[in-house]
Amino acid sequence: MTTILELKNITAGYETVPVLKNVNLKVEEQDFIGIIGPNGGGKTTLLKVILGLLKPFSGEVEYYAPLQNLFGYLPQNSHFDQRFPIDVREVVLSGLLSEKGLFKTYGREDKKKAEELLEKYGMKEYIKMPIGELSGGQMQRVFLCRAIISSPRVLILDEPTTYVDSNFEKEFYTILKELNKSLCIIMVSHDLGTICSYVKTIACVNRELHYHHSNLISSEQLKLYNCPIELITHGQIPHRVLTEHPE
Ligand SMILES: Nc1ncnc2c1ncn2[C@@H]1O[C@H](COP(=O)(O)OP(=O)(O)OP(=O)(O)O)[C@@H](O)[C@H]1O
């Protein structure tokens, strides 16, 4: 398998305070990595380091592929101001800004691609609608189109289904599974039950990173939570599969 990037002994944080310590991680083509961990454990910080938005205190991130259009990023929904006066098409096209620069205009091909993506994900009829008027699920579909319009090799998602209903959530993960046939996915989620059903491997972050090549949560990873956690499966009838455990 081709390695796309590698974190080598990364220590990173803010000002002088480290959040991540001695983190090593190899990201390969076709990976679908779920990142779990307790609040404040450093999941978003890890994404920032991978994206090159936060320079580590020590260690290095090695990229084995050209940086141009390497990443598509779907940030946490809550970070978006819904009053922002921009329509659906413009939101999708803005995924090309890093390649175009701020003041370049979009060409016919760009617009066609945006339309095709919106059609594929059932959002074409909303193309001229202000983004703030969409439901949470519709908005996430549009942001997904924005994240993939530049044909990235790695799609990074931070808690993508926090504000959406369970029907959309299922649909969204089915879309990701399909996308994973042609790109690598790294996704942060709090929902341990769901994440285990869809990802190929799990990385647990609480200052340190515990990673193994399986989609089962190991007892070593559970220990990083430092508190009891619940695991709920989303079968026909959602039920708890893990409520109490020794750590
Ligand atoms: N810009 C920043 N400046 C200073 N400290 C920060 C900054 N961003 C995050 N932190 C701190 O770094 C630590 C890790 O934060 P991070 O957002 O990476 O955790 P997380 O695992 O993503 O949390 P959550 O599950 O709550 O989203 C926290 O203690 C947080 O307060």
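Predicted model: local features only at pLDDT ≥ 70, side-chain atom pairs only at ≥ 80, totals over all residues.

Visitor: Why does Lys43 count as buried?

Guide: The test counts other C-beta atoms within 10 Å, and a residue is buried if there are 20 or more. Lys43 counts as buried because its C-beta neighbours inside 10 Å number 25.

Visitor: How far apart are the C-alpha atoms of Lys43 and Glu15?

Guide: Along the chain, Lys43 and Glu15 are 28 residues apart.

Visitor: Which helix gives the most to the shell around the ligand?

Guide: The residues around the ligand include Tyr14, Val19, Asn39, Lys43, Thr44 and Thr45. By class, this shell has 7 polar, 2 nonpolar and 1 charged residues. The largest contribution, 3 residues, is made by residues 43–51, which form helix α1.

Visitor: What distance separates the centres of domain 1 and domain 2?

Guide: The domain assignment gives domain 1 as 1–70 + 152–221, and domain 2 as 83–151. Taken over C-alpha atoms, the centres of domain 1 and domain 2 are separated by 24 Å.

Visitor: Which helix gives the most to the side of domain 1 that touches domain 2?

Guide: The contact between the domains takes 11 residues from domain 1 and 10 residues from domain 2. On the side of domain 1 that touches domain 2, the residues are 8 nonpolar, 2 polar and 1 charged. With 3 residues, the one that gives the most to this side is helix α6.

Visitor: Where does the largest nonpolar core lie, and which helix gives its largest share?

Guide: This core has 59 residues, and those touching the most other members are Ile35, Val92, Val142, Cys145 and Ile156. Domain 1 and domain 2 both give residues to the core, so it lies between them. Its largest share, 7 residues, comes from helix α5.

Visitor: Which residues is Ile156 in contact with, leaving aside its neighbours within four places in sequence?

Guide: Ile156 is among the core residues that touch the most other members. Beyond its neighbours within four places in sequence, Ile156 has contacts with Leu47, Ile50, Leu51, Phe71, Gly72, Tyr73 and Ile186.

Terms used: Residues numbered from 1 in each chain as written. Near = placed C-beta within 6 Å. Helix = DSSP H or I, 4+ residues; strand = E, 2+ residues; numbered from the N terminus. Nonpolar A, V, L, I, M, F, W, Y, C, P; charged D, E, K, R; others polar. Buried ≥ 20, exposed ≤ 12 C-beta atoms within 10 Å, placed from the backbone. Domains from an automatic or database assignment. Contact = placed C-beta atoms within 7 Å. Core = buried A, V, L, I, M, F, W, Y, C linked by C-beta atoms within 7 Å.
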